[in-house]
Amino acid sequence: MPVGMFRPAESPEAVPEADHGGAWRFLWWLVRVRPGPLVLSAVLGALWMLPLALLPLVVGYAIDDGIRDGSTGSLLGWVGVVGVLAVVQAAAGAGLIQAAMGGQMHAVSFGHRVLVRQAARLGASLRHRSGSGDVVAVAAGDVPNIGHAFEVVGRSSGAVASFLVIAVALTLTSPVLGVVVLIGVPAALLGIGPLLRPLQRRNEEQRDRLGTATAQAGDICSGLRVLRGIGGERKFTDRFVDISQQVRRAGESAGRLEAWIGAAGVFLPGLVTIGVAWLGARLVLSGDITPGELVAFYGASVFLVIPVSTATEAVEAISLAHVAAGRICRFLSLTPEPVPPAEPLPLPDGPLPLADQGSGIHAPAGCLTTVVASGEHASRTAARLTHYGPFDDREGRPRVGDVPLDRADLTELRRRLVLSGHSDILFSGPLRAELAGERDRGDAALLDALHAAAATDVLEALPQGLDGVLVEGGRSLSGGQRQRLVLARALLTDADVLVLDDPTSAVDASTEALIAQRVAAYRAERTTVVFSGSPLWANAADAVVRPAPGTDGDALLTPGAEQPAP
Amino acid sequence: MTIQTTDSTGEGAVRTAAAPGAPEPDRLPLARQQDVRRWLREFVRRNPGRISAMLALFGLALVAELVGPRLLGYLVESVQKDTTVHRVDLVALAFVAVLAAQAVLSGFARAQTTLLGEKVLAETRESFVRRVMRLPLGTVESVGTGDLLSRATSDVDRLNEGIRLAMPRILLAAVTLALTVVAMLLTSPLLSLVLITGLPFAVLSTRWYRPRATSGYERLLADEADVLASTHETVRGAASVEALGLARRRTARHGAAVGRVVGHRRRITWLQTVWYPSLDLSTMIPMALTLLAGGAAYRQGWAGLAEITAMMLYIQGLNGPLVELLSWTDELQVGNAALRRILGVERLPVERAQDGAVPDGRRIRLRDVRFGYEEGREVLHGIDLEIAPGERIAVVGTSGAGKSTLGKLLAGVHHPTTGVLEIGGAAVTAMSVETLRREVALVTQENHVFAGSVRGNLTLPEKPHEQDGGNGPGGARGSVPRDGSWSDDELWAALETVGLADWVRALPEGLDTGIATGNVDVSPAVAQQLALARLLLADPHTLVLDEATALMDTTASRQVERSMAALLEGRSVISIVHRLDSVQDADRIAVMDGGRIVEIGSHRELLALDGAYARLWSSWSAAARI
């Protein structure tokens with residue numbers, strides 16, 4: 001039974017769509033997709049706690065029956081009962097751990113997976129929406145919180161069950177004391193309740209501050225080079241210390257409240273215990289119950305602190321999970337841009353021409369067209385040509401194979417019309433797979449593309465060649481090598497239309513000339529548009545688009561500037 | 001948080017840093033266990049008052065807690081001897097008083113613990129950041145941002161958890177256990193012997209479990225760091241993921257990392273599946289035996305009912321703290337593993353501390369400068385170069401010739417292995433970082449917008465002293481606040497110069513608008529202009545531009561070009577370029593090949609030389625002449 005609690009090899013496709021309509025709905029979705037571990041840990045939680053619950057009663061009977069006036073036989077009998085309870089508890093405990101951790105891992109694993117799936121879906125539109133630090137902070141802080149709640153909830157439902165059993169047993173022995181326990185303990189729990197909301201608020205505040213500190217700390221990793229260049233180390237550290245002290249103060253304020261909630265957690269249930277003992281002692285005096293029963297009641301009310309505090313812990317864990325789920329939902333409810341058209345038009349087969357009235361770029365089918373421009377405006381135009389940026393309504397839509405971009409089927413468009421720019425990064429993984437992406441390409445094809453991008457030297461830099469592993473962001477390679485690998489990867493998509501935004505900015509002139517010629521040959525018969533200020537690309541092109549002289553900024557690429565190459 | 005990072009400079013540097021034979025370039029070290037112990041001792045030494053106050057409060061709270069069972073034992077015994085209702089009431093009242101004392105004391109104790117814990121955490125976070133700030137750049141570049149990031153974020157979080165939650169509980173449980181055993185010994189030394197039977201379960205299982213769990217947790221944390229790194233990578237490269245249709249591949253790789261976390265957690269859980277039940281048995285078995293022994297002792301008259309009752313209650317009370325103690329130390333293991341990762345950064349060598357040599361003048365002089373990123377692999381082989389104040393030098397050459405490395409040496413990012421590198425007659429190695437940064441700034445095409453306000457982004461550098469270039473030995477004058485902030489007018493002037501003033505004015509809160517937080521979209525060009533404005537404020541007399549203009553919009557955004565011109569005005573400039581667009585404007589051109597300067601002179605002189613530069617130029621201009 002417990003063997004199946006963990007599922008390390010869940011395939012990404014097996015994760016159903018999350019319900020992100022609200023924090024509770026998201027949590028409920030997590031329960032619904034895999035209720036097994038949670039249900040099992042509730043059952044086992046009860047079985048594990050019951051022996052603990054029954055123990056005071058058994059001890060009480062044993063003192064009355066086994067020690068005070070019983071025979072050796074009945075004493076041994078009671079010892080045996082304690083032994084059996086011990087074994088049951090140990091066995092149930094073992095299963096409970098498996099089930100509870102299984103539930104936790106389910107929540108953690110699904111939490112991470114839906115986040116990254118959403119990030120991959122949002123793609124380029126993510127850049128404008130949410131900083132990478134935010135998503136990483138959710139993955140680092142919020143997902144584990146939800147996991148924790150899953151672990152605690154199973155246990156605490158067991159606690160509730162054991163509470164009920166005890167209550168029944170006590171009521172059968174002495175109705176008066178039973179009622180005192182039954183009402184007193186939950187009342188004590190409720191008494192703590194009002195304190196929890198401010199605690200939640202303070203915890204949230206501390207988490208927010210910690211999030212800021214986390215974002216700052218993350219800044220070091222990506223910005224250290226810049227900081228070093230300008231000597232901003234001291235100021236940056238000072239600011240971090242500032243925020244860190246804010247986190248500290250927020251933590252202290254939450255912690256103080258937590259300490260007093262803890263104290264209330266001792267005091268209120270303790271009052272119930274004393275009430276039971278006091279009432280019990282009087283009942284013994286009046287002969288209503290035996291001294292052994294008094295011990296049982298006392299022990300039971302002491303025991304009940306455990307279920308009560310477990311329940312308290314569960315309430316806290318759930319409230320943190322609720323906050324976390326809210327944050328996840330906010331991220332999950334972002335929608336990718338652009339919105340796919342309602343009635344998509346299919347693209348014609350074969351090589352496609354790309355034309356844009358707005359920027360005056362006309363890239364004939366099957367040709368290499370160089371747009372002599374680089375920099376931000378060029379990047380924006382490249383994004384516009386590939387349907388990444390928003391369109392300005394005055395300008396009309398770029399057309400690919402005579403279909404306006406915003407009417408084309410988006411999946412097909414993304415597959416057949418590919419943009420590669422200098423914001424592209426290399427991902428970590430085996431070089432072979434990182435180049436081929438999701439297509440299955442033979443070594444010959446990979447080497448061809450590397451040759452075209454003049455990137456075969458990368459194979460020498462990586463000890464195992466194509467089987468070598470790229471580290472995150474291709475950091476072990478030089479800037480030029482990275483850029484050429486990014487180009488090779490783009491070439492390998494074999495897109496019908498490939499738009500390259502300044503693909504050789506970090507490459508020296510002689511290599512650039514080589515690349516321009518080879519890419520022209522590699523992309524023969526297919527449409528390629530290269531944005532580059534370098535004359536070397538213009539040289540290799542079938543058609544060249546030049547900015548009209550004297551234009552500046554946004555009016556850069558005007559219609560009619562096209563001219564054929566000599 | 002990363003908004004725009006376009007890194008494609010720094011060849012050579014990174015390549016050699018990760019060359020085969022280098023000791024595992026992509027993982028930061030872990031602190032050793034003795035480092036952690038030293039850290040703990042150090043902490044205790046520095047906070048003796050708080051720690052003893054906390055322990056005293058916990059101790060008092062526990063004494064109060066232990067009086068409870070004694071009172072009940074007394075009550076049980078006394079009701080058998082026909083006590084009066086009055087006495088019962090009195091005992092109950094005493095009980096309430098004791099409970100109240102216990103609650104108040106434990107509240108104070110926990111509050112103390114929190115204060116202490118928050119203090120440790122803040123110190124740890126801050127010293128981590130300080131340490132990272134002093135790491136050599138080469139080290140930072142060769143390790144994954146993922147690893148560093150997860151140490152700075154999730155490990156600090158985990159330590160937070162460990163300290164805030166585990167520490168008070170462990171203390172409470174440990175003191176409870178100790179005092180309970182003492183109380184048992186005082187109540188009935190004979191029956192206390194039974195406790196020994198529980199020991200094997202607790203001790204053996206813990207000894208079996210602990211070492212296995214420790215290494216398991218370490219691997220788990222490394223796996224979790226992989227998950228975060230993978231998330232970070234996917235989010236950062238989301239545009240590439242969409243453009244190249246890599247979604248399935250990214251989610252599969254991330255999913256595999258998540259799978260490893262689940263797999264490791266499963267192994268740890270199996271360890272716990274053996275361990276926790278053993279702990280339960282370690283109190284349940286003595287309980288059964290106490291009942292047995294108690295029964296026998298009662299018959300022999302060696303033990304009274306009150307003693308047996310109290311003993312049974314004490315043993316029952318042992319289970320909670322025992323499980324609490326050992327399971328929270330388990331949690332503390334996670335904290336410990338996290339702490340080892342955080343403190344691990346301390347094991348990396350930092351840049352050596354410099355004494356405060358102060359340059360006199362701006363002349364830069366290099367004599368036989370040699371440099372290698374690692375022993376035995378020299379990248380620069382004897383560079384001689386002299387740069388006059390205000391001179392503009394272009395450095396050209398093929399990829400891997402050592403251009404960027406030379407730039408980093410000039411900016412003091414790395415120091416020469418041998419040879420002399422002086423600014424204004426003072427060795428760069430002998431200058432403090434603050435002094436050096438006022439002299440030379442390195443500008444790469446990498447732009448980073450820091451989380452914070454526009455003002456925060458602009459005022460990161462140290463404010464230069466009033467004297468030109470900060471060359472005078474006198475420190476800050478009275479008019480310059482020591483925290484080095486610029487007035488709003490100065491900030492606006494700089495923004496105006498780079499042409500960003502309108503952009504900032506349009507922001508909702510002007511200079512104080514938070515950027516890089518997802519609300520304001522900062523384009524690469526704006527990021528570049530912000531960086532230029534920052535340099536204007538920092539006002540170094542020498543700029544090293546490493547391909548700084550490669551990403552600049554040469555044809556369109558004339559504004560950036562104008563800002564650049566404003567920035568270069570009056571400064572010495574060493575400009576490293578791949579393209580020969582504007583090298584003619586330089587006073588001198590240095591041609592590098594294989595880690596040496598092979599030619600140096602003006603455009604005209606070098607063409608006349610008909611060497612390496614002439615060849616580069618002809619292939620460039622041939623292409624450019626279409």
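Is Asp89(B) buried, partly exposed or exposed? With a relative accessibility of 24%, Asp89(B) counts as partly exposed, since buried means under 20% relative accessible area, exposed means over 50%, and partly exposed lies in between (1.4 Å probe, protein chains only). This is a predicted model, in which local features need pLDDT of at least 70 and side-chain atom pairs count only at pLDDT 80 or more, while totals for chains, interfaces and linings use all residues. Residues are numbered from 1 along each chain as its sequence is written, chains are lettered from A and ligands numbered from 1 in the order in which they are written, and side-chain values use heavy atoms, with hydrogens and water left out.

**Chain A overall**
- Chain A has 17 helices and twelve strands; helices (H or I, at least four residues) and strands (E, at least two) are DSSP runs, numbered from the N terminus.
- The radius of gyration of chain A is 34 Å, whereas a compact globule of 566 residues would have one near 24 Å; the value is taken over C-alpha atoms, and the globule rule is 2.2 Å times the number of residues to the power 0.38.
- Along the principal axes, the C-alpha atoms of chain A fill a box of roughly 115 × 50 × 50 Å.
- Buried residues make up 61% of the 566 in chain A.

**Salt bridges**
- Over all chains, 42 salt bridges are found, each being a side-chain nitrogen of Lys or Arg within 4 Å of a carboxyl oxygen of Asp or Glu.
- Asp89(B) forms a salt bridge with Arg282(A) (2.8 Å, N to O).
- This pair crosses between chains, joining helix H7 (residues 233–285) of chain A, which holds Arg282(A), to helix H4 (residues 85–134) of chain B, which holds Asp89(B).
- Arg282(A) is partly exposed, at 30% relative accessibility.
- In chain B, Glu386(B) and Arg363(B) meet in a salt bridge of 3.7 Å, N to O.
- Glu386(B) lies in strand S2 (residues 377–387) and Arg363(B) in the loop between helix H11 (305–344) and strand S1 (364–374), 23 residues apart.

**Surface patches**
- Arg197(A), Arg201(A), Arg202(A) and Arg256(A) form a positive patch; patch residues have over 30% relative accessible area and no salt bridge, with like charges joined within 9 Å and nonpolar side chains (Val, Leu, Ile, Met, Phe, Trp, Tyr) within 5 Å.
- Helix H6 (residues 175–230) of chain A gives the most to the positive patch, with three residues.
- A nonpolar patch of about 620 Å² includes Leu199(B) and Trp302(B).

Notes:
Accessible areas come from the Shrake-Rupley method with a 1.4 Å probe; for residues, only the protein chains shown count as cover. Lys and Arg count as positive and Asp and Glu as negative; His and the chain ends are not counted. The place of a charge is taken as NZ of Lys, CZ of Arg, CG of Asp or CD of Glu.
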